[in-house]
Amino acid sequence: MPRIQLIRRFSFEAAHLLPYHKGDCRHVHGHSYRLEVQINGPVQAEHSGPESGMVMDLKRLKDLVHKSIIAPCDHALLLPDFLPELQLEAARLFTTKILILPFSPTAENLVRWMAWQLQAQLPAGVELAGLVLWETAQAGVRWLPDGNV
């Protein structure tokens with residue numbers, strides 16, 4: 001059965017720091033992130049239910065991505081959990097929306113985390129085909145399953 005790829009774009013604003021970076025990225029700074037989500041699946045049979053003729057309702061995909069990624073990240077400060085407690089306390093003084101992550105919040109780590117968040121929630125028969133996370137208009141990272149880049 002032929003498979004179709006759906007593509008949906010999202011955007012969010014977030015700040016982060018890269019504690020081990022030798023340059024300016026070790027300081028708190030922000031990005032206007034853009035995320036492209038690509039899913040593959042078969043087209044549902046006609047008259048089979050609310051998603052007949054679709055791989056997945058794009059509204060359903062939008063809601064899933066929003067709940068899993070956009071809501072926690074948008075206008076948040078993304079920090080690694082290994083920062084010294086003093087730095088975490090200082091961050092809490094100037095913002096209340098902090099997402100503590102178990103890794104340094106590089107674009108590479110963020111896109112892997114996003115893939116992990118989404119893969120477990122897709123309906124049967126639908127697979128995550130790829131993600132592209134743009135940190136700036138010129139720089140982004142691509143995640144593909146099984147490391148196929």
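Tutor: In this predicted model, a search of the whole structure returns two aromatic pairs. A pair of this kind is described by the distance of the ring centres and the angle of the planes. For Phe 12 and Tyr 33, the centres are 4.9 Å apart and the planes meet at 15 degrees; planes under 30 degrees apart count as stacked, so this pair is stacked. Phe 12 belongs to strand β1 (residues 3-16) and Tyr 33 to strand β2 (residues 29-42), so that the pair links distant parts of the chain, 21 residues apart. Phe 12 has a relative accessibility of 2% and therefore counts as buried, and Tyr 33, at 1%, is likewise buried.

The other pair consists of Tyr 20 and Phe 82, whose ring centres are separated by 5.6 Å and whose planes are at 10 degrees, so it too is stacked. Here the partners lie in loops: Tyr 20 in the one between β1 and β2, Phe 82 in the one between β3 (76-80) and α2 (85-94). They are 62 residues apart, and this pair also links distant parts of the chain. Is Tyr 20 buried or exposed? Its relative accessibility is 65%, and since exposed means over 50%, Tyr 20 counts as exposed. Phe 82, at 35%, counts as partly exposed.

The charged end of Arg 8 sits over the ring of Phe 10, at 4.8 Å from the ring centre.

His 16 lies in strand β1 and, with a relative accessibility of 1%, counts as buried. A polar atom of the His 16 side chain lies 2.7 Å from the backbone oxygen of Pro 105.

Residues up to four places away in sequence aside, His 29 touches Ala 14, Ala 15, His 16, Leu 17 and Asp 24.

At another place in strand β1 is Ile 4. Its relative accessible area of 39% means that Ile 4 is partly exposed. The C-alpha atoms of Ile 4 and Val 126 are separated by 9.8 Å, although the two residues are 122 places apart along the chain.

The nonpolar interior gives the wider setting. In soluble globular proteins, nonpolar side chains tend to be buried together. In this model the largest nonpolar core has 35 residues, of which Leu 35, Val 37, Ile 39, Met 114, Leu 128, Leu 131 and Leu 133 touch the most other members. The elements that give two or more residues to this core are β1, β2, α1 (58-73), β3, β4 (98-101), α3 (107-119), β5 (127-134) and β6 (140-143). Helix α3 provides the largest share, seven residues. Leu 128 is in contact with Val 37, Ile 39, Ala 115, Leu 118 and Trp 143, among others, when neighbours within four places are left aside.

For the protein as a whole, three helices and six strands are found, following the pattern β-β-α-β-α-β-α-β-β along the sequence. The C-alpha trace spans about 60 × 30 × 25 Å along its principal axes, and 43% of the 149 residues count as buried. The accessible surface comes to about 8,700 Å², 55% of which belongs to carbon and sulfur atoms. Among contacts between residues at least 6 apart in sequence, 58% join residues at least 24 apart.

Conventions. Residues are numbered from 1 along each chain as its sequence is written. This is a predicted model: local features need pLDDT of at least 70, side-chain atom pairs count only at pLDDT 80 or more; totals for chains, interfaces and linings use all residues. Side-chain values use heavy atoms; hydrogens and water are left out. Rings of Phe, Tyr and Trp (its six-membered ring) pair if their centres lie within 6.5 Å; planes under 30 degrees apart count as stacked, over 60 as edge-to-face and the rest as tilted. Helices (H or I, at least four residues) and strands (E, at least two) are DSSP runs, numbered from the N terminus. Buried means under 20% relative accessible area, exposed over 50%, partly exposed in between (1.4 Å probe, protein chains only). A charge sits over a ring if NZ of Lys or CZ of Arg is within 6 Å of the ring centre and within 35 degrees of the ring normal. Contact means heavy atoms within 4.5 Å. Accessible areas come from the Shrake-Rupley method with a 1.4 Å probe; for residues, only the protein chains shown count as cover. A nonpolar core is a set of buried Ala, Val, Leu, Ile, Met, Phe, Trp, Tyr and Cys residues joined through side-chain atoms within 4.5 Å. A polar contact is a pair of N or O atoms within 3.5 Å; within protein, one must be able to donate a hydrogen and the other to accept it, and residues adjacent in sequence count only if both atoms are side-chain atoms.
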